[in-house]
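Reader: Before I rely on any label attached to this chain, I would like to see each one set against its rule. Could you show me the model and then take my questions in turn?

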Amino acid sequence: MNTLRVRQLRNILNTIFIFGALVGMFVYYKGNIDTGAAIIIISMVFKFVETAIRLLKPEKEN
């Protein structure tokens, strides 16, 4: 994978995380606590994957 594609993938994963966290917080505070917590935990998986990709730092292609 080239650097641009990795950056795009990381941006997509971050967007999913942010959206999921916001939805989870809304559900948590306005409705069902268990469902809201589950949504937040699932969205955190996307953040963990993004962080792992960032830490691995793919090699640059020449």
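Author: Let us begin with accessibility: buried means under 20% relative accessible area, exposed means over 50%, and partly exposed is in between, with a 1.4 Å probe and protein chains only. This is a predicted model, in which local features need pLDDT of at least 70 and side-chain atom pairs count only at pLDDT 80 or more, while totals for chains, interfaces and linings use all residues. Residues are numbered from 1 along each chain as its sequence is written, and side-chain values use heavy atoms, with hydrogens and water left out.

Reader: Why is lysine 47 called partly exposed?

Author: Its relative accessible area is 26%, and the partly exposed class lies between the two limits, so lysine 47 belongs there.

Reader: What makes glutamate 50 buried or exposed?

Author: Glutamate 50 has 1% relative accessibility and therefore counts as buried. Gly36 and Ser43 are the other residues listed with Glu50 as buried in H2, and these buried residues pack against helix H1 (3-30), where contact means heavy atoms within 4.5 Å. Helices are DSSP runs of H or I with at least four residues, strands are runs of E with at least two, and both are numbered from the N terminus.

Reader: Why is the contact between arginine 10 and glutamate 50 called a salt bridge?

Author: The rule asks for a side-chain nitrogen of Lys or Arg within 4 Å of a carboxyl oxygen of Asp or Glu, and this pair meets it at 2.9 Å, N to O. The pair links distant parts of the chain, with arginine 10 in helix H1 and glutamate 50 in helix H2, 40 residues apart.

Reader: What makes Arg10, Lys47, Glu50 and Arg54 one network?

Author: Glutamate 50 also meets lysine 47 at 3.3 Å and arginine 54 at 3.5 Å. Salt bridges that share partners join these four residues into one network.

Reader: Why is the pair of tyrosine 28 and tyrosine 29 called edge-to-face?

Author: Rings of Phe, Tyr and Trp (its six-membered ring) pair if their centres lie within 6.5 Å, and planes under 30 degrees apart count as stacked, over 60 as edge-to-face and the rest as tilted. Here the centres are 5.2 Å apart with 85° between the planes, and the pair is edge-to-face.
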